[in-house]
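Open the model in your viewer and keep the selection panel at hand. We will go stop by stop.

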Amino acid sequence: MMELMKKLSDVPGVSGFEERVVELIQNELEGHVDEMETDRLGNIIAFKKGKSDAPKIMLAAHMDEIGLMVRHVDKKGFIKFSKIGGINDQMLLNQTVFIHGKNGPVFGVIGSKPPHRMKAAERKKILEYEDMFIDIGTFSDKETLEMVGIGDPITFHHEFVELPNNLITGKALDNRIGVFIMLEVMKRVKTDANVYGVGTVQEEVGLKGAKTSAFKINPDFALALDVTIAGDHPGIKEDEAPAKINEGPAIILTDASGRGIITHSSIKEWLISAAEHSDVPYQLEVSEGGTTDATAIHLTREGIPSGVLSVPTRYIHTTVSVASIQDIEHTIELLVTALESF
Ligand SMILES: [Zn+2]
(Lines give C-alpha, C1' and ligand atoms only; values in the text may rest on other atoms or scores of the structure.)
Protein backbone atom coordinates (compact mmCIF):
# COMPACT_ATOMS: atom_id res chain seq x y z
CA MET A 1 0.00 0.00 0.00
CA MET A 2 2.73 2.49 1.01
CA GLU A 3 4.80 1.50 -2.01
CA LEU A 4 2.01 2.47 -4.42
CA MET A 5 1.30 5.70 -2.55
CA LYS A 6 5.00 6.61 -2.78
CA LYS A 7 5.10 5.83 -6.50
CA LEU A 8 2.04 8.00 -7.09
CA SER A 9 3.39 10.89 -5.04
CA ASP A 10 6.78 10.80 -6.79
CA VAL A 11 5.64 10.43 -10.42
CA PRO A 12 5.73 13.73 -12.36
CA GLY A 13 2.41 14.98 -13.78
CA VAL A 14 2.03 18.74 -14.07
CA SER A 15 -1.32 19.80 -15.61
CA GLY A 16 -1.29 18.90 -19.31
CA PHE A 17 1.54 16.37 -18.84
CA GLU A 18 -0.18 13.52 -16.99
CA GLU A 19 1.02 10.64 -19.23
CA ARG A 20 3.24 9.03 -16.57
CA VAL A 21 0.32 8.92 -14.11
CA VAL A 22 -1.88 7.35 -16.81
CA GLU A 23 0.76 4.65 -17.35
CA LEU A 24 0.83 3.91 -13.62
CA ILE A 25 -2.97 3.63 -13.50
CA GLN A 26 -2.99 1.31 -16.52
CA ASN A 27 -0.43 -0.99 -14.91
CA GLU A 28 -2.26 -1.04 -11.58
CA LEU A 29 -5.74 -1.73 -12.97
CA GLU A 30 -4.77 -4.29 -15.63
CA GLY A 31 -6.83 -7.41 -14.88
CA HIS A 32 -9.00 -5.66 -12.27
CA VAL A 33 -11.44 -3.90 -14.63
CA ASP A 34 -13.40 -4.85 -17.76
CA GLU A 35 -12.31 -1.99 -20.00
CA MET A 36 -9.81 0.85 -20.03
CA GLU A 37 -9.45 3.69 -22.50
CA THR A 38 -7.93 7.15 -22.73
CA ASP A 39 -9.94 9.95 -24.32
CA ARG A 40 -8.77 12.69 -26.67
CA LEU A 41 -7.93 15.09 -23.83
CA GLY A 42 -5.83 12.49 -21.98
CA ASN A 43 -8.25 11.31 -19.27
CA ILE A 44 -8.10 7.61 -18.45
CA ILE A 45 -11.44 5.86 -17.98
CA ALA A 46 -11.51 2.42 -16.33
CA PHE A 47 -14.82 0.57 -16.39
CA LYS A 48 -16.10 -2.18 -14.13
CA LYS A 49 -19.24 -3.59 -15.68
CA GLY A 50 -22.36 -4.17 -13.58
CA LYS A 51 -25.97 -5.08 -14.46
CA SER A 52 -27.29 -3.40 -17.59
CA ASP A 53 -30.22 -1.75 -15.75
CA ALA A 54 -28.06 -0.66 -12.76
CA PRO A 55 -26.90 2.95 -12.40
CA LYS A 56 -23.68 4.33 -13.86
CA ILE A 57 -21.42 5.88 -11.24
CA MET A 58 -18.36 7.98 -12.02
CA LEU A 59 -15.44 8.32 -9.59
CA ALA A 60 -13.21 11.20 -10.66
CA ALA A 61 -9.69 11.70 -9.31
CA HIS A 62 -7.57 14.39 -10.92
CA MET A 63 -4.11 13.18 -11.90
CA ASP A 64 -2.41 16.53 -12.37
CA GLU A 65 -0.26 18.38 -9.87
CA ILE A 66 0.69 22.05 -9.62
CA GLY A 67 4.07 22.92 -11.09
CA LEU A 68 5.98 25.31 -13.32
CA MET A 69 6.85 25.73 -17.01
CA VAL A 70 9.97 26.98 -18.78
CA ARG A 71 9.18 30.46 -20.19
CA HIS A 72 12.54 32.01 -21.04
CA VAL A 73 16.26 31.25 -20.97
CA ASP A 74 18.62 34.21 -20.51
CA LYS A 75 22.06 34.69 -22.07
CA LYS A 76 23.80 33.21 -19.02
CA GLY A 77 21.63 30.10 -19.09
CA PHE A 78 19.28 30.91 -16.19
CA ILE A 79 15.64 29.88 -16.64
CA LYS A 80 12.57 32.06 -16.04
CA PHE A 81 9.36 30.16 -15.45
CA SER A 82 5.55 30.46 -15.38
CA LYS A 83 3.33 28.96 -12.68
CA ILE A 84 0.87 26.18 -13.57
CA GLY A 85 -1.94 25.99 -10.99
CA GLY A 86 -2.51 27.82 -7.71
CA ILE A 87 0.94 28.52 -6.29
CA ASN A 88 1.83 30.96 -3.53
CA ASP A 89 5.12 32.65 -4.51
CA GLN A 90 6.54 32.27 -0.99
CA MET A 91 6.62 28.50 -1.30
CA LEU A 92 8.80 28.63 -4.41
CA LEU A 93 11.86 30.13 -2.80
CA ASN A 94 14.87 27.78 -2.72
CA GLN A 95 12.94 24.74 -3.90
CA THR A 96 14.69 22.05 -5.88
CA VAL A 97 13.00 21.03 -9.14
CA PHE A 98 13.12 18.68 -12.09
CA ILE A 99 12.70 20.13 -15.57
CA HIS A 100 11.32 17.45 -17.86
CA GLY A 101 13.41 18.04 -20.96
CA LYS A 102 13.67 16.11 -24.21
CA ASN A 103 16.52 13.92 -22.92
CA GLY A 104 15.01 13.28 -19.48
CA PRO A 105 14.74 15.13 -16.18
CA VAL A 106 17.19 17.94 -15.45
CA PHE A 107 17.83 18.89 -11.82
CA GLY A 108 17.66 22.57 -10.88
CA VAL A 109 17.43 24.94 -7.94
CA ILE A 110 15.26 28.04 -7.64
CA GLY A 111 17.70 30.81 -6.89
CA SER A 112 17.32 34.39 -5.70
CA LYS A 113 19.38 37.30 -4.38
CA PRO A 114 21.10 36.35 -1.07
CA PRO A 115 19.76 38.10 2.07
CA HIS A 116 23.21 39.58 2.81
CA ARG A 117 22.86 41.88 -0.17
CA MET A 118 19.27 42.95 0.60
CA LYS A 119 18.36 46.27 2.20
CA ALA A 120 16.30 45.93 5.44
CA ALA A 121 13.06 46.92 3.66
CA GLU A 122 13.80 44.50 0.83
CA ARG A 123 14.24 41.62 3.25
CA LYS A 124 10.70 42.12 4.64
CA LYS A 125 9.12 42.15 1.19
CA ILE A 126 7.61 38.98 -0.25
CA LEU A 127 9.74 37.92 -3.18
CA GLU A 128 7.62 37.42 -6.29
CA TYR A 129 8.11 34.56 -8.71
CA GLU A 130 9.08 36.99 -11.48
CA ASP A 131 12.22 37.75 -9.45
CA MET A 132 13.20 34.09 -9.12
CA PHE A 133 14.92 31.84 -11.67
CA ILE A 134 16.14 28.29 -12.05
CA ASP A 135 19.84 27.46 -12.05
CA ILE A 136 20.73 24.10 -13.65
CA GLY A 137 24.48 24.62 -13.49
CA THR A 138 25.01 25.93 -17.00
CA PHE A 139 26.80 29.09 -18.20
CA SER A 140 25.05 29.98 -21.46
CA ASP A 141 21.65 29.91 -23.15
CA LYS A 142 23.09 27.49 -25.71
CA GLU A 143 24.15 25.03 -23.00
CA THR A 144 20.77 25.24 -21.21
CA LEU A 145 18.79 24.82 -24.44
CA GLU A 146 20.64 21.59 -25.19
CA MET A 147 18.84 20.07 -22.18
CA VAL A 148 15.73 22.20 -21.72
CA GLY A 149 13.16 23.65 -24.13
CA ILE A 150 10.64 26.47 -23.86
CA GLY A 151 7.36 24.93 -22.62
CA ASP A 152 8.95 22.03 -20.75
CA PRO A 153 7.01 21.16 -17.55
CA ILE A 154 8.73 21.47 -14.18
CA THR A 155 7.92 19.45 -11.07
CA PHE A 156 9.00 20.09 -7.51
CA HIS A 157 11.37 17.67 -5.88
CA HIS A 158 10.36 16.44 -2.45
CA GLU A 159 10.87 13.00 -1.03
CA PHE A 160 7.93 10.86 0.10
CA VAL A 161 8.36 10.17 3.83
CA GLU A 162 6.35 8.20 6.37
CA LEU A 163 5.82 10.12 9.62
CA PRO A 164 4.55 8.85 13.01
CA ASN A 165 0.80 8.36 13.66
CA ASN A 166 -0.01 6.99 10.18
CA LEU A 167 0.97 10.27 8.55
CA ILE A 168 2.73 10.72 5.22
CA THR A 169 4.28 13.66 3.39
CA GLY A 170 4.99 13.95 -0.34
CA LYS A 171 5.25 16.36 -3.23
CA ALA A 172 1.89 15.67 -4.90
CA LEU A 173 -0.52 14.37 -2.28
CA ASP A 174 -3.01 16.70 -4.03
CA ASN A 175 -4.24 14.68 -5.74
CA ARG A 176 -2.40 11.38 -5.93
CA ILE A 177 -4.29 10.52 -2.73
CA GLY A 178 -7.49 10.72 -4.77
CA VAL A 179 -5.93 8.59 -7.53
CA PHE A 180 -4.80 6.02 -4.96
CA ILE A 181 -8.33 5.82 -3.52
CA MET A 182 -9.84 5.42 -6.99
CA LEU A 183 -7.39 2.59 -7.80
CA GLU A 184 -8.03 0.71 -4.56
CA VAL A 185 -11.81 1.05 -4.90
CA MET A 186 -11.74 -0.24 -8.49
CA LYS A 187 -9.66 -3.23 -7.32
CA ARG A 188 -11.81 -4.09 -4.29
CA VAL A 189 -15.42 -3.25 -5.18
CA LYS A 190 -17.94 -5.96 -6.09
CA THR A 191 -21.22 -4.37 -7.12
CA ASP A 192 -24.13 -4.54 -9.55
CA ALA A 193 -23.61 -0.86 -10.36
CA ASN A 194 -21.55 0.15 -13.40
CA VAL A 195 -18.48 1.87 -11.99
CA TYR A 196 -16.25 4.24 -13.99
CA GLY A 197 -12.93 5.09 -12.33
CA VAL A 198 -11.58 8.15 -14.07
CA GLY A 199 -8.17 9.80 -13.79
CA THR A 200 -8.86 13.34 -14.99
CA VAL A 201 -6.43 15.83 -16.51
CA GLN A 202 -5.95 19.56 -15.90
CA GLU A 203 -8.11 20.00 -12.79
CA GLU A 204 -5.72 22.51 -11.25
CA VAL A 205 -6.08 24.81 -14.26
CA GLY A 206 -9.86 24.76 -14.74
CA LEU A 207 -11.48 21.34 -14.11
CA LYS A 208 -10.96 20.55 -17.79
CA GLY A 209 -10.71 16.75 -17.93
CA ALA A 210 -13.75 16.32 -15.69
CA LYS A 211 -15.88 18.23 -18.20
CA THR A 212 -15.07 16.07 -21.19
CA SER A 213 -14.99 12.71 -19.40
CA ALA A 214 -18.35 13.30 -17.68
CA PHE A 215 -19.87 14.22 -21.03
CA LYS A 216 -18.60 10.99 -22.55
CA ILE A 217 -19.65 8.70 -19.68
CA ASN A 218 -22.96 10.47 -18.91
CA PRO A 219 -23.19 8.93 -15.41
CA ASP A 220 -26.27 8.83 -13.16
CA PHE A 221 -24.15 9.92 -10.16
CA ALA A 222 -20.62 11.15 -9.71
CA LEU A 223 -18.12 11.62 -6.91
CA ALA A 224 -14.92 13.61 -7.01
CA LEU A 225 -12.10 12.18 -4.85
CA ASP A 226 -9.73 14.84 -3.67
CA VAL A 227 -8.04 16.42 -0.66
CA THR A 228 -9.34 19.22 1.53
CA ILE A 229 -7.72 21.69 3.92
CA ALA A 230 -6.99 20.33 7.39
CA GLY A 231 -7.17 23.16 9.88
CA ASP A 232 -5.58 21.37 12.81
CA HIS A 233 -2.23 23.17 12.95
CA PRO A 234 -0.88 26.58 14.05
CA GLY A 235 -1.75 29.57 11.90
CA ILE A 236 -5.34 28.64 11.05
CA LYS A 237 -8.51 28.96 13.14
CA GLU A 238 -10.73 25.96 13.80
CA ASP A 239 -13.76 27.61 12.22
CA GLU A 240 -11.77 28.50 9.08
CA ALA A 241 -11.06 24.84 8.28
CA PRO A 242 -12.74 22.44 10.72
CA ALA A 243 -11.52 19.17 9.11
CA LYS A 244 -8.86 17.34 11.12
CA ILE A 245 -6.31 14.71 10.19
CA ASN A 246 -6.95 11.14 11.41
CA GLU A 247 -10.68 11.84 11.98
CA GLY A 248 -11.93 10.31 8.74
CA PRO A 249 -12.87 11.48 5.24
CA ALA A 250 -14.68 14.79 4.78
CA ILE A 251 -18.03 14.63 3.03
CA ILE A 252 -18.20 18.02 1.32
CA LEU A 253 -21.66 19.60 1.56
CA THR A 254 -20.78 22.90 -0.12
CA ASP A 255 -17.59 24.38 -1.50
CA ALA A 256 -16.61 27.87 -2.68
CA SER A 257 -19.61 29.15 -0.67
CA GLY A 258 -21.96 27.37 -3.07
CA ARG A 259 -20.38 28.70 -6.26
CA GLY A 260 -18.59 25.35 -6.59
CA ILE A 261 -20.91 22.55 -5.60
CA ILE A 262 -23.91 22.28 -3.34
CA THR A 263 -24.01 18.55 -2.82
CA HIS A 264 -27.23 16.85 -3.92
CA SER A 265 -29.19 15.69 -0.87
CA SER A 266 -29.45 12.12 -2.23
CA ILE A 267 -25.65 11.94 -2.46
CA LYS A 268 -25.20 13.37 1.05
CA GLU A 269 -27.57 10.78 2.56
CA TRP A 270 -25.99 7.95 0.53
CA LEU A 271 -22.48 8.79 1.75
CA ILE A 272 -23.45 9.33 5.40
CA SER A 273 -25.36 6.05 5.52
CA ALA A 274 -22.39 4.24 3.93
CA ALA A 275 -20.06 5.72 6.55
CA GLU A 276 -22.36 4.56 9.32
CA HIS A 277 -22.74 1.07 7.81
CA SER A 278 -19.02 0.60 7.39
CA ASP A 279 -18.32 2.02 10.86
CA VAL A 280 -15.99 4.63 9.46
CA PRO A 281 -15.53 8.06 11.10
CA TYR A 282 -16.44 11.00 8.86
CA GLN A 283 -16.54 14.79 8.95
CA LEU A 284 -19.01 17.13 7.28
CA GLU A 285 -17.58 20.18 5.57
CA VAL A 286 -18.98 23.47 4.35
CA SER A 287 -16.14 25.36 2.74
CA GLU A 288 -15.80 28.86 1.38
CA GLY A 289 -12.74 28.39 -0.80
CA GLY A 290 -11.45 25.83 -3.27
CA THR A 291 -13.39 23.49 -5.49
CA THR A 292 -13.08 20.14 -7.24
CA ASP A 293 -13.92 18.20 -10.40
CA ALA A 294 -17.46 17.69 -9.05
CA THR A 295 -18.18 21.35 -9.84
CA ALA A 296 -17.68 20.68 -13.55
CA ILE A 297 -19.27 17.24 -13.55
CA HIS A 298 -22.57 18.22 -11.91
CA LEU A 299 -23.25 20.79 -14.63
CA THR A 300 -22.72 18.31 -17.46
CA ARG A 301 -25.59 17.64 -19.89
CA GLU A 302 -28.90 17.92 -17.99
CA GLY A 303 -27.15 17.90 -14.61
CA ILE A 304 -25.58 14.98 -12.71
CA PRO A 305 -26.15 14.56 -8.94
CA SER A 306 -22.61 14.76 -7.59
CA GLY A 307 -20.64 14.92 -4.37
CA VAL A 308 -17.09 15.09 -3.07
CA LEU A 309 -15.16 12.87 -0.68
CA SER A 310 -11.95 14.49 0.50
CA VAL A 311 -9.03 13.46 2.66
CA PRO A 312 -8.07 16.24 5.11
CA THR A 313 -4.53 17.34 4.20
CA ARG A 314 -2.27 19.94 5.79
CA TYR A 315 -0.36 22.54 3.72
CA ILE A 316 -2.24 21.90 0.48
CA HIS A 317 -0.63 23.35 -2.65
CA THR A 318 2.86 23.13 -1.22
CA THR A 319 5.44 20.41 -1.77
CA VAL A 320 5.25 19.35 1.89
CA SER A 321 1.58 18.35 2.33
CA VAL A 322 0.81 15.98 5.20
CA ALA A 323 -2.08 13.49 5.27
CA SER A 324 -3.08 10.32 7.08
CA ILE A 325 -2.94 6.84 5.58
CA GLN A 326 -5.70 5.88 8.05
CA ASP A 327 -8.03 8.54 6.58
CA ILE A 328 -7.20 7.24 3.10
CA GLU A 329 -8.07 3.68 4.12
CA HIS A 330 -11.31 4.88 5.74
CA THR A 331 -12.26 6.73 2.55
CA ILE A 332 -11.74 3.55 0.54
CA GLU A 333 -13.90 1.53 2.96
CA LEU A 334 -16.66 4.14 2.90
CA LEU A 335 -16.68 4.21 -0.91
CA VAL A 336 -16.67 0.44 -1.32
CA THR A 337 -19.65 0.19 1.08
CA ALA A 338 -21.44 2.99 -0.76
CA LEU A 339 -20.96 1.35 -4.17
CA GLU A 340 -21.91 -2.10 -2.89
CA SER A 341 -25.23 -0.72 -1.56
CA PHE A 342 -26.57 -0.77 -5.16
ZN1 LIG B 1 -6.93 18.65 -5.85
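Which residues of α9 are buried? First, some ground rules. This is a predicted model: local features need pLDDT of at least 70, side-chain atom pairs count only at pLDDT 80 or more, and totals for chains, interfaces and linings use all residues. Numbering starts from 1 along each chain as its sequence is written.

**Stop 1: the helix.** Select α9, residues 325–340. Helices (H or I, at least four residues) and strands (E, at least two) are DSSP runs, numbered from the N terminus. Buried here (20 or more other C-beta atoms within 10 Å of the residue's own, C-beta atoms being placed from the backbone) are Ile325, Asp327, Ile328, His330, Thr331, Ile332, Glu333, Leu334, Leu335, Ala338 and Leu339.

**Stop 2: the sheet.** Now select the open sheet of eight strands, ordered β1-β2-β12-β3-β13-β16-β14-β15 with mixed pairing. Two strands pair if DSSP finds at least two bridges between them. β1 (35–38) and β15 (283–286) each have a single partner strand, so one side of each lacks a neighbour in the sheet. Zoom in on β1: four bridges join it to β2 (residues 44–48), and the two run antiparallel. Thr38 stands opposite Ile44 in β2.

**Stop 3: the core.** Select Met58, Leu59, Ala60, Ile181 and Ile297. Of the 75 residues in the largest nonpolar core, these touch the most other members. Such a core is a set of buried Ala, Val, Leu, Ile, Met, Phe, Trp, Tyr and Cys residues joined through C-beta atoms within 7 Å. Helix α5 (residues 173–188) gives the most to this core, with nine residues. Apart from it lies another core, of 20 residues, including Val14 and Phe133.

Definitions and conventions
Contact = placed C-beta atoms within 7 Å. Axes fitted to C-alpha atoms, helices over the stretch in contact; angles between N-to-C directions. Buried ≥ 20, exposed ≤ 12 C-beta atoms within 10 Å, placed from the backbone.
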